[in-house]
Amino acid sequence: MASHSSTLAWKIPWTEEPGGLQSMGPLRVRHEFACPHCLVLKTAMPKKARPAGDGKEQGPAPKQVKVEAACGPSSPLNFDSPSGLFESFISPIKTETFFKEFWEQKPLLIQRDDPALATYYQSLFRLSDLKSLCSWGIYYGRDVNVCRCVHGKKKVLNKDGRVHFLQLRQDFDQKRATIQFHQPQRFKDELWRIQEKLECYFGSLVGSNVYITPAGAQGLPPHYDDVEVFILQLEGEKHWRLYQPTVPLAREYSVEAEDRIGRPTHEFTLKPGDLLYFPRGTIHQADTPEGLAHSTHVTISTYQSSSWGDFLLDTISGLVFDTAKADVALRAGIPRQLLLQAESIAVATRLSGFLRMLADRLEGTKELPSADMKKDFAMNRLPPYYMGDRAKLVAPGGQLPGLDSTVRLQFRDHVVLTVGPYQDPSDETRGEMVYVYHSLRNRRDTHMMGNETESYGLRFPLSYMDALKQIWNSSAISVKDLKLTTDEEKQNLVLSLWTECLIQVV
């Protein structure tokens, strides 16, 4: 194995192409009042998704189908908690070591010689799974891309409409095409289980793609992505080459010409059970060696548009709005014909003064407003992994909470609190409200696909924030002890949360 000083390769004796995150676009919000003090938010996502590839026809949403082994291997991963899952996911690397030395910095290769782990990885997705998936109705472009790397460029071989397994297999065998399957967690329970826990752990959307490449073939040209990447080798072997980033922590996808990227900084072959991590912006390409069986790997990717810059953009609009209400200088009109001027030095000086004023105000802000990031994460992520009757998961159960009850939060990792503006349609005044968004009713079968979906949450007056934080930060709390003015407010709060299955009586 060719190595480099910036890579740590772990060999355990005992034992590409990302782009999985797709744009969701703006949200449309409808409001339905549940009680005088709270609001149930019912949010409709846009119907038209960005195509996942170059297919000409997207087709209807597929029926939900689970393609599972009749008796799958036991999992070597720890699903007791999000942190436990990630620790076992990158084992034997310690989590502290990973984030101190590798995360957003340099690649990590973990090579394992563990037959049990290799068997588990192979169960996540196999070439043979495609036959069953095709019988349920999957479509070119939306669900599957068929492609080859030809002279350093990606050649898409998609047909129109629905994917038929015999045609797919013919392109794979005769044209040596790579099959890229989008978001397999929609169909594979164990990938749903893994990615749901990773979304809890990172607090960011986690997508995935499967790449199946025949021997002696390559699917994609050298490129870099805008996501943090974890590669799990499932079947066969894959030869990888990584190169020095030209854009560290890149914010967008880009293909790179091979004559511009120089020699690889890392070169190695992944085998079943191996794991590879590299940061966004890392230039990479991968091929299946000649003379071997096909290769199958899954790319699990996260942290798209999750930088400090993105968070600042998300926060700044609310901060400007709040500051303008209190400071007349921000409400004053811009100079006449400012938009027609070519010179901007004086304007830049004025804006820098405003930014310093905003920075001073930010220092004393107790609750940061969030325009979209928290809401979008809660609305677009996977629902909790649950193999029973999902109707029971989203139906209130147990004792109805009252003033004498003690309650505790459920599904803590699937709920976000945020502060945002609200315009009351009755008096046209605008103020801040507390929003509670959750993912209990999200649809697994549309995860990361941009299809029509609905999600729910609650809205409360800003005066409820301290009481909500009490519930969030306590293992259990008496309803009487909530920091609200009246007993009616306390009862309304816990009843609203209980109705959404977010708390239970203990």
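**View 1. His414 makes a side-chain polar contact with Ser439.** The two side chains come to 2.7 Å in this contact. A polar contact is a pair of N or O atoms within 3.5 Å; within protein, one must be able to donate a hydrogen and the other to accept it, and residues adjacent in sequence count only if both atoms are side-chain atoms. The model is predicted: local features need pLDDT of at least 70, side-chain atom pairs count only at pLDDT 80 or more, and totals for chains, interfaces and linings use all residues. Residues are numbered from 1 along each chain as its sequence is written, and side-chain values use heavy atoms, with hydrogens and water left out.

His414 sits in the loop between β17 (406-409) and β18 (415-423). Helices (H or I, at least four residues) and strands (E, at least two) are DSSP runs, numbered from the N terminus. Is His414 buried or exposed? His414 is buried, at 4% relative accessibility. Buried means under 20% relative accessible area, exposed over 50%, partly exposed in between (1.4 Å probe, protein chains only). Beyond its neighbours within four places in sequence, His414 has contacts (heavy atoms within 4.5 Å) that include Glu196, Arg381, Tyr437 and Leu440.

**View 2. β21, β17 and β22 form an open antiparallel sheet.** The strand order is β21-β17-β22. β21 (477-478) and β22 (503-505) stand at the edges with a single partner strand each, so one side of each has no neighbour in the sheet. Two strands pair if DSSP finds at least two bridges between them. β17 and β21 pair over two bridges. Strands of a sheet pair through backbone hydrogen bonds.

**View 3. Helix α3 (residues 115-124) has buried residues that pack against other elements.** Among the buried residues are Leu117, Tyr120, Tyr121 and Leu124. Which elements do the buried residues of α3 pack against? They are β4 (108-112), α6 (189-202), β10 (228-235) and β14 (275-278). At the start of α3, a side-chain oxygen of Asp114 comes within 3.2 Å of the backbone nitrogen of Ala116. An α-helix has 3.6 residues a turn, so residues three or four places apart point the same way.

**View 4. Cys149 is too far from the closest cysteine sulfur for a bond.** That sulfur belongs to Cys147, and the distance is 9.0 Å. The whole structure has zero disulfides (a disulfide is a pair of cysteine sulfur atoms within 2.5 Å). Cys149 is buried, at 18% relative accessibility. Cys134 is buried too, with a relative accessible area of 6%.
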